[in-house]
Structure formats: C-alpha cells, structure tokens
Amino acid sequence: MRPSRSFRIFRTVALAVVVIGLLAPLLWMITASLKTNVDIYDTGKAFAFSPTLDNYANVLQRANYVQFIGNSLWVAFAATVLSLILGVPAAYSMSRFNMRRSALVVLMARVIPGVSLLVPWYYVFSNLRMVGGFTVLILSHMFVSLPLIVYIMMGYFDGLPTELEEAALVDGLTHIGAFRRITMPLSVPGIATAGILSFIFSWNNFMFALVLSGADTKTLPVAIFDFVGYASIDWGGLMAAATVVTLPIMVIALFVQKYVVSGLTAGATKG
Amino acid sequence: MSTVTTPDTRSPEARPALPDGSAWSRWANAHRKWLFAAPAMAFVAVLIVFPVAWTGYLSLTDAEGSVRAESEFIGFQNYLDVLADTDRFWPAVWRTVAFTGVVLLFEIVLGMAIALLLWRPFRGERWVRVAILLPLVATPVAVGMMWRLIFDPNIGMANQVLSWVGIGPQPWLSGQHSALPTTMFIDVWQWTPMVVLILLAGLTSLSDEPQEAALIDGASTWQRFRHVTLPLLMPTVVVAILLRGIDALKTFDILYATKGRGGGSFHEVETLNVYAYGLSFDYNDYGVSSTVLIIFFLIIIGVMWALTYRKKGLQR
Amino acid sequence: MRRRSILGTSLAVVVAMGVAACGGGDSGEGSDTLRITLVNHVWTENLKKALPEFEKQSGLKVEVTQLGEDQLSDQYNVKLNAGSSDIDVMMYRPLQEGKLFAKNKYLADLTDRTKSDSAFEFGDFQPGPVQATTYEDKVVGVPIITEQEVLYYRKDLLEKSGFTAPPKTLDELKAQAAKVEADNPGVAGFVARTGKAAAVTQFSSFLYSFGGDFVDAGGKASVDTEQAKQAYAYYGGMLKDHGPENISTDMSWSEAMAIFTQGKAAFYTEANSLYKNATDPAKSKVADTVGFAAFPAGPAGSKPYNIPSWALGVNDASENKDNAWKFIQWAAGKEQSLVQQKAGVPGARASVWANPEATSTYPKDLAEATTVSTANGVGHDRPLVVKVAEAREIVGQPIVDAITGKDSAASADAANEAFQKFLDDEAK
C-alpha cells in the first residue's frame with residue numbers, strides 16, 4: 001500500500017507544522033535564556049540581539065545550581081533504584097500469580113492527589129526525625145516511581161513466555177533461582193524502560209520537592225522559583241534555569257528514545 | 001543500561017551450587033508470591049493509609065489555622081457546606097471536568113491524526129519522533145514558566161506572532177475568559193505527543209490483513225479508518241484516555257507555575273486540585289480542604305472505574 | 001555478573017540511605033549550624049554577601065534556604081504545622097502571615113531578648129512596624145524591611161503635555177493622566193495592580209486617602225461606606241478609563257511594572273521598594289525619565305500605607321534559639337540596617353532614616369516622597385486578620401468589578417456583607 005503522491009505532500013506539510021509547533025516554544029525558551037533582560041523586554045529585538053551567556057553564569061554561580069543538579073540526580077537515581085528493587089519482584093509476582101487486586105493497591109499511589117499527602121507525611125516524618133535529609137524526598141519520589149515501574153513491568157512480564165522458566169525448573173533451579181537467572185536477564189530491556197521513565201518522572205517532580213526539600217536538598221524544579229523574586233522577575237535567569245532543568249532530561253531521553261517510548265506506551269497494546 | 005543480556009545458557013552443573021536444601025530457601029520459594037509482592041504493597045500502603053485516614057478524619061472536623069490546633073468533630077457538616085458551595089467548589093468541579101474533557105478531546109483527535117500520518121515509514125521520520133518526544137519529557141514547571149513568558153501580554157512572543165498576521169494583542173493567561181483555554185492549550189502541547197506514541201504503538205501492532213481486505217472491497221480511506229482501523233484500535237484509545245485522563249484531572253504543575261495559588265483573580269483556572277491546595281496552604285482551612293480532597297479522590301476513582309468498565313466492555 | 005552488580009547497587013543504596021537518614025538528625029540544642037529561611041529579595045542578596053563576616057565572628061555555620069514568597073509560605077505551612085525544628089530563623093510577612101503564625105504559636109516570644117539588649121536598641125524601630133510584629137503584647141518578630149506607596153511617573157511625558165509638577169491630588173492625577181493619554185497614542189495614562197488579591201495592598205492607600213478603611217473603629221467591616229465606594233470607583237475607573245488597552249484583571253506588580261517600564265504608561269502607583277525595577281537600565285526602558293512623588297492627596301489627605309513588609313522571627317520549635325537570636329541581632333542590627341538601606345532596601349530603624357548617608361543612594365525625589373509617606377502613613381495595607389489571603393480576595397472583588405465596568409457600589413455592598421461574615425467567623 002504505497003501512499004499516493006498528494007498524500008505524501010500533505011503528510012510532509014502537516015508534520016512540518018507539528019514539528020515546528022512542538023519545537024518552537026522550546027527554542028524560544030533557549031533564545032530568551034541567551035538574552036539580557038532589556039532585550040527580552042524589547043519585543044523589537046525578537047531575533048536581532050547579541051547573545052550572552054551571562055544568565056547561565058548567573059544560574060550556575062550565584063544560585064548554587066551545580067548543587068541542585070547534583071541533588072536532582074541523586075534523588076532521581078536513588079528513588080529509581082530503590083523502586084526497581086521493590087517494584088520488579090512485585091510486578092513479577094503480580095503478573096505470574098495474576099494478582100490484579102494487589103496491583104491496584106500499588107497503582108492507587110498514582111491516582112491519589114498529591115496535595116492530600118504532603119502535610120501528613122511531613123508530620124509523621126518530622127516526628128520520626130527523618131526530615132532535613134534526602135530520605136523523605138527519596139521516599140516521596142519513590143511513591144511516584146514505584147507504581148510506574150510496577151505498571152510497566154507487569155505489562156512486560158505478561159508478555160514474557162513462561163517456557164524458559166519452566167525449563168529452568170526442570171533443570172533443578174528453584175523458583176526464585178529461575179527468576180534471578182532466567183527472567184531477570186531477559187527483562188533487562190523492560191527494567192531499563194521502567195528505570196528511565198521513573199528517572200524522568202522523578203527529575204520532573206515538583207509538588208513533593210516543593211515542600212519536602214530543604215536548603216541542601218532542593219531539586220531543580222523548585223530551584224526555578226529562585227528567579228521569581230519578591231521585587232523582580234529575572235526572565236533571562238528564569239529561562240536559563242528552565243533550560244538547565246529541561247535540557248539534560250531531553251538529551252537523556254533522546255539517547256534512550258526507544259526505552260522512553262516503550263515505557264510511555266506500556267499497556268497500550270495489551271487491549 | 002541499554003545492554004541486552006542474554007539468559008544464562010550455561011548448563012546447571014556449571015552454575016554455582018544453590019542453597020537448595022536450606023529451610024529458608026524452601027520457605028522463600030513456597031511463599032515467593034507474597035515475598036515478592038508484599039514489600040512494594042506495604043511501602044505504598046504505609047505511605048497512603050495514614051494520610052488518607054487522616055484526611056478523612058480532618059474532613060469531619062473544623063480544623064483550621066494549624067493541624068495541631070484544637071479542633072471539633074462536626075460530622076458531615078463540611079461535606080454539606082462544600083456540596084452547597086456554588087461559589088468556589090462547583091465552579092472548580094466544572095473547570096476540572098471541562099479542563100479534562102477538552103484536553104482529552106484535543107489530545108485524542110490530534111494524537112490520532114498525527115499517529116496516522118506517522119503510521120507508515122517515510123524519510124525523516126526520526127526527526128518527527130524526536131520533536132514529539134521533547135515536550136513530553138520537559139519539566140512541567142519549566143514548561144509553565146516558558147509559556148508564561150511566551151504568553152505575556154506585553155513582551156510575549158505569542159502577541160508578537162499575532163501582530164505579524166494583523167491580529168491585535170490577546171490577554172492569554174491574564175484574561176478572565178482566556179486563561180483556562182490557554183492552560184488547556186499548554187497541556188495539549190505537552191501531552192498530545194504521549195497520545196501519539198500510545199496510538200502509534202497500537203497502530204503498529206495491528207495486522208495488515210483487515211486493511212487489505214477492505215481495500216479490495218473498494219472502501220475509501222475514510223471508510224477504512226472508520227470501520228476497520230478505529231474499531232481495532234479502540235482498546236488502545238481507551239488506554240490513552242485512561243492514562244491521560246487521570247493525569248489531566250490531577251494537573252497541578254502547569255496551573256501553579258502560570259497562575260499561582262487560587263488560579264487568578266476570578267479563580268479562572270482553579271481546578272479541584274488547585275482549590276484544595278489553596279484551602280490548605282493559603283487559607284489553612286484543613287477541614288474543608290480535606291473534604292474537597294476526599295470528594296476529589298472519589299471522583300477520580302469513579303472516573304477510573306467507569307473507564308476500566310468500559311474498556312472491559314469493549315474487549316468482549 | 002549481572003547478579004553481582006544488582007546486589008552491589010542495592011547495597012550501596014542501603015548504605016547511602018542510612019547515611020542520609022543519620023544526616024537528618026543533627027539539630028540538637030545549641031547546634032553550631034543555624035538554619036534560616038529567607039525570601040528572594042534584594043535584602044537577602046545583600047545579606048548573603050555579608051554572611052561570611054557573621055559566620056567568622058560568631059563561629060556559627062549558617063544554612064540559607066531561599067524561596068519565592070508563595071513557595072516560602074507553602075514551606076512554612078507544612079513545616080511549622082508539623083512542629084518541625086529544622087527552621088531556626090524565619091523571614092515572614094507580618095501583615096500577611098504574622099497573625100496566623102503568632103496565633104498558632106509558631107513564633108517564639110522575643111520580648112525579653114529585645115528588652116535586655118541595649119546595643120540592639122529595640123526602641124529604635126519605628127512604632128508602626130513594631131506594632132505589626134507584636135502579638136498580644138509579646139514581641140514575636142523584628143521588622144527588617146518597610147514599604148511605602150509612592151507615585152511613579154514619567155517626567156518626559158508630563159513635560160510634553162505641559163505639566164511642570166507631578167499631581168498633588170487624586171483629582172490632578174486623573175486630569176494629568178487623561179491629558180497625557182490623549183497626547184500620546186499607545187500610552188496609557190495610568191497603570192496599577194489589577195489582580196483581585198494583589199491589588200488590595202496598593203488600593204489601600206486610595207481607600208485611606210478617601211477617608212475609608214477596611215474595618216471601622218468598632219471592628220465592623222466598612223468597605224461599603226461612601227468613602228470606600230468612592231475609592232473603589234476611583235481606582236477601578238482610572239484603570240478602566242485611563243489604563244492600558246485590553247487590561248488584564250490579573251496583574252500583580254510584575255505585570256504592571258512591565259507596562260510602566262516598557263514606556264506604556266505615564267503614572268503608576270506602587271510600593272517604593274520596587275523602584276530599582278524602574279530605574280535600572282538593565283530592566284527598564286524609561287530608567288532616565290522616571291520620577292517619584294508622594295502619594296497624591298484625596299479628600300482625607302495623602303494617606304499612603306507605611307508597613308513592615310518583612311520581618312525576622314524565631315521558630316518556636318527551634319532547638320537553637322540563642323544562636324537564632326544572635327543572627328537577628330546581627331542581621332537587624334544598626335550596622336547591617338544601614339548597609340541594607342544604602343543598598344536600596346528601606347528598613348524600620350529611626351536612627352538609620354535620620355542618617356543622611358542611608359538614603360544618599362536613592363533618587364532624590366524618591367527619598368523625599370518616602371519621607372512624606374513615612375510621616376503620614378497608615379500602618380497596614382490589608383485587613384488585619386488571621387486569614388489574610390481569604391480576606392484580600394473578599395475586599396478585592398469590588399476592585400476587579402470596578403475595572404471591568406460592573407457596578408462597583410453594589411459589589412462593595414456584597415463584599416462588605418461577605419467580609420462581615422468572615423470577621424464574625426474569625427471572631428468565634
């Protein structure tokens with residue numbers, strides 16, 4: 001079924017519009033981050049301006065962004081790894097034993113409005129003397145990551161044939177042994193997918209970090225608001241900060257595009 | 001992370017011996033179902049049960065000011081008050097429903113159109129896929145800030161672009177009636193790509209035979225879409241609606257970053273989530289806030305249940 | 001190998017979690033680490049520059065958390081609510097959150113400390129601001145930044161339209177705004193905040209100058225008085241008739257300031273603390289032509305607000321109160337107050353205001369306008385209640401209705417009724 005010529009022209013034009021529509025705002029954000037505030041306020045200088053890296057220098061030096069980048073990386077990484085440790089075996093069990101009801105318990109975490117969790121969590125954790133470090137922050141991000149991982153991995157295990165495991169049992173492996181030596185290695189693509197997605201969602205998380213992070217543990221999405229002052233908005237700095245937050249995750253996503261796509265579309269084709 | 005490991009193909013003899021005989025191993029294998037599943041479930045349960053129970057309790061009290069302050073048990077009074085509140089609560093419900101409904105409609109229709117265009121391979125496909133991925137992974141708060149600058153009525157690019165085609169400046173996010181549609185636009189911009197990816201995955205998994213059969217029968221492009229592709233794709237569409245629907249109902253980051261607490265002078269973008277947040281953190285009305293949250297939670301569960309039910313119906 | 005690497009990673013994470021968990025608990029009594037939470041503000045930037053000096057002299061390590069005002073207040077609401085001790089010193093808005101925080105006992109009683117310290121000289125602070133940081137006769141905060149409302153205007157536009165001096169009265173303001181607008185197409189005569197809650201503070205000076213207030217002497221809601229109705233009609237009418245085209249009803253200072261600094265408005269009433277946005281050539285196109293004048297007089301005279309916008313308090317749950325006070329002594333002390341005031345942040349110390357050096361860096365007309373405002377000023381710019389955010393939205397409604405051309409008098413009546421109900425609820 002080779003598409004007709006007119007369809008191909010239409011497709012090219014339509015997709016060009018889509019691509020421009022999706023990318024132009026991001027490019028505009030980067031452009032604005034390279035302008036002085038005077039140029040940003042001067043609509044006549046939309047494109048004709050002399051680029052400057054001052055905003056980035058400002059972001060990286062004055063505002064401790066290097067530390068915030070480190071925080072974001074550490075929180076997203078720790079939350080992802082811990083969620084994988086909890087989530088992958090759980091998803092396996094839920095898939096193999098068809099524990100749909102139990103799965104709902106975990107997936108409930110995705111459904112509940114985050115606002116209702118903040119104050120109670122903080123109350124409990126501060127009484128447990130756990131606030132102030134990364135622990136609470138990581139736990140709260142795991143709350144986002146875990147249901148995501150369970151959801152993706154359940155779909156993955158559902159699609160994984162059981163024959164190899166059964167063969168391993170015949171070979172004398174225990175059930176847990178078969179999971180560890182046969183199923184896990186086979187699931188590496190799925191785990192990578194789930195891990196990457198969890199990393200992205202954790203990196204982007206705002207609401208939990210807004211109230212649960214402190215001076216030393218502030219993550220990037222919260223740090224963006226450093227540029228909204230009581231007496232001034234530094235648009236250039238704000239856009240540079242937004243770029244610093246967004247660019248790394250976009251670059252990572254592009255490198256592992258295949259996994260991101262399969263993670264986002266998990267469950268789409270099970271029917 | 002991306003290396004694909006093949007299963008251990010060594011013979012059993014070549015593997016290190018396992019502590020098969022130990023009592024622990026036997027116990028663990030026998031109880032592996034719960035051994036595997038319980039930690040994750042316990043983690044979520046521990047983090048959920050107390051907050052939900054506490055929210056439920058607060059919703060029955062007149063707690064305000066501080067959650068540690070003395071409060072009185074007032075039964076279901078908050079629920080009666082909230083459900084009778086046509087000033088803030090019901091408009092917020094309406095906005096939540098409108099926001100979710102409109103963005104879902106646009107995202108599904110646009111997403112379907114784009115996915116159909118991307119269905120068959122062509123040159124340059126990779127670039128389109130890259131463009132589709134980027135808004136999706138961009139940090140929502142940063143995205144909100146970005147659009148705030150673009151939609152600024154005085155210095156924003158949006159009005160600049162309109163002026164090139166001879167249209168006067170629009171208030172966008174700062175207009176009483178244009179703010180909600182503008183935030184919807186932002187949501188559609190960010191999340192249509194997700195719908196595209198989901199639908200594309202669904203389309204790719206369809207077999208070609210029904211299509212070819214319809215072609216031989218002389219069906220037009222529209223007829224093939226309407227009577228062959230769409231019905232086959234319907235389960236995937238429902239998945240997309242379900243996944244996007246939950247997140248759209250709970251939209252927060254974009255609204256917070258563009259309009260702040262309270263959702264503007266006329267609460268023009270105040271959805272249930274934003275309203276509950278404002279009740280908690282702006283008004284310190286914990287009793288009422290908890291009530292709104294519980295109702296909101298029930299609405300989400302209701303919608304989810306309805307959609308899953310519908311999904312099951314479709315599979316039959 | 002796969003197995004070992006997974007085990008290794010999980011081990012590393014468990015160890016790291018343990019370390020992180022331990023790291024959270026070092027806030028014991030009299031700890032050398034002081035945790036202070038500050039808002040994004042010029043004051044904070046100035047303070048951070050001087051901070052190493054304090055750390056050296058006191059031997060303390062200071063950890064600063066810095067946030068936008070809304071995010072700051074969200075963090076307080078969560079942390080203080082939970083009785084957290086991981087904030088020692090907190091920067092807060094006495095008029096916005098002060099009453100709530102004091103009522104909830106989030107703020108430590110500083111009365112004895114302020115009295116016993118002669119070098120700090122608490123009596124030096126202006127009485128208005130001190131009143132705002134006092135709750136039930138206890139001092140719960142030390143005011144550090146004050147604000148007065150002034151009139152920003154464009155010297156060049158006024159000159160072009162033949163005015164030799166900025167308006168002295170609100171009637172003159174209206175006349176001049178109309179004339180300048182007529183003479184300069186595309187330039188609005190007047191701009192000010194329009195957001196329902198955001199506008200309340202800047203509207204308050206109009207309200208007082210017309211002879212009204214949010215609450216009358218008897219504690220009753222009074223936004224339906226004839227004076228209040230006139231003030232609503234004037235403020236909203238100015239924005240409706242002489243404001244920018246397609247006026248948004250959601251402008252806070254940043255949007256209104258942008259219009260002014262873009263050269264798209266002739267007059268602008270705003271807090272003086274924001275003046276650098278208008279005079280800094282890096283942010284403002286009209287930096288060379290901005291003038292400042294005292295708030296124009298209404299029927300009741302020129303009565304702008306003169307308020308403490310920010311204060312420092314000590315978290316009552318802090319286990320490090322002595323060191324927290326040491327920090328306040330330094331940060332709100334005479335020396336730092338002078339440094340801050342010279343750097344453009346008006347403070348609350350009378351001795352600093354009396355020192356000509358303190359305002360030497362200000363535009364001359366701004367310093368004069370501020371002096372006038374300080375003398376005639378009213379000590380609040382919003383209703384003095386516990387739930388300020390809610391109250392602002394109630395009394396702000398007629399402003400928005402006036403701007404959009406609705407019946408502002410009827411709206412004021414409705415707002416008064418709602419406001420009275422609100423006050424009754426709060427009194428319970």
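Student: In what order do the elements of chain A run from the N terminus on?

Tutor: First, a caution: this is a predicted model, where local features need pLDDT of at least 70, side-chain atom pairs count only at pLDDT 80 or more, and totals for chains, interfaces and linings use all residues. Residues are numbered from 1 along each chain as its sequence is written, while chains are lettered from A and ligands numbered from 1 in the order in which they are written. Helices (H or I, at least four residues) and strands (E, at least two) are DSSP runs, numbered from the N terminus, and chain A comes to 14 helices and zero strands. From the N terminus on, the order is α-α-α-α-α-α-α-α-α-α-α-α-α-α.

Student: What are the spans of the chain A C-alpha trace along its principal axes?

Tutor: Start with burial: a residue is buried if 20 or more other C-beta atoms lie within 10 Å of its own, exposed if 12 or fewer, and partly exposed in between, with C-beta atoms placed from the backbone. Of the 271 residues of chain A, 61% count as buried. As for the C-alpha trace, its spans along the principal axes are about 75 × 70 × 30 Å.

Student: Is Leu146(A) buried or exposed?

Tutor: Leu146(A) sits in helix α7 of chain A, residues 135-158. Two residues are in contact if their C-beta atoms, placed from the backbone, lie within 7 Å, and beyond its neighbours within four places in sequence Leu146(A) has contacts that include Ser83(A), Leu86(A), Ala40(B) and Phe43(B). Leu146(A) has 29 C-beta neighbours inside 10 Å, so it counts as buried.

Student: Which residues make the contact between α7(A) and α2(B)?

Tutor: Axes are lines fitted to C-alpha atoms, for helices over the stretch in contact, and angles run from 0 to 180 degrees between N-to-C directions. The crossing is left-handed, meaning that the near helix is turned anticlockwise from the far one by less than a right angle, with clockwise for right-handed. The contact is made by Phe143(A), Leu146(A) and Val150(A) of α7(A) and Ala40(B), Phe43(B), Val44(B) and Leu47(B) of α2(B).

Student: Where in α8(B) does the kink lie?

Tutor: Helix α8 of chain B has 26 residues (179-204), which at 1.5 Å a residue should span 38 Å, and its end C-alpha atoms are 37 Å apart, so the two agree; the expected span is 1.5 Å times one less than the number of residues. Of those 26 residues, 21 are buried, so α8(B) is mostly covered. A bend is the angle between axes fitted to the seven residues ending at a residue and the seven starting there. The kink, of about 40 degrees and shortly before Pro193(B), lies at Trp191(B).

Student: What is the handedness of the crossing of α4(B) and α10(B)?

Tutor: Helix α4 (residues 89-119) and helix α10 (residues 221-249) of chain B pack at an angle of about 145 degrees, with their axes 10 Å apart. Among the residues that meet are Phe99(B) and Val103(B) in α4(B), and Ile241(B) and Arg244(B) in α10(B). The crossing is right-handed.

Student: Near what value is phi of Trp172(B)?

Tutor: Trp172(B) is in the loop between α7 (157-164) and α8 of chain B. Trp172(B) has 24 other C-beta atoms within 10 Å, so it is buried. Its phi is positive, in a residue other than glycine, and near 45 degrees.

Student: At roughly what angle do the axes of α10(C) and α17(C) cross?

Tutor: Residues that meet here include Tyr232(C) and Leu239(C) in α10(C), and Pro398(C) and Ile399(C) in α17(C). α10(C) passes α17(C) in a right-handed crossing. The axes of α10(C) (residues 226-242) and α17(C) (residues 388-403) come within 7 Å and cross at roughly 40 degrees.
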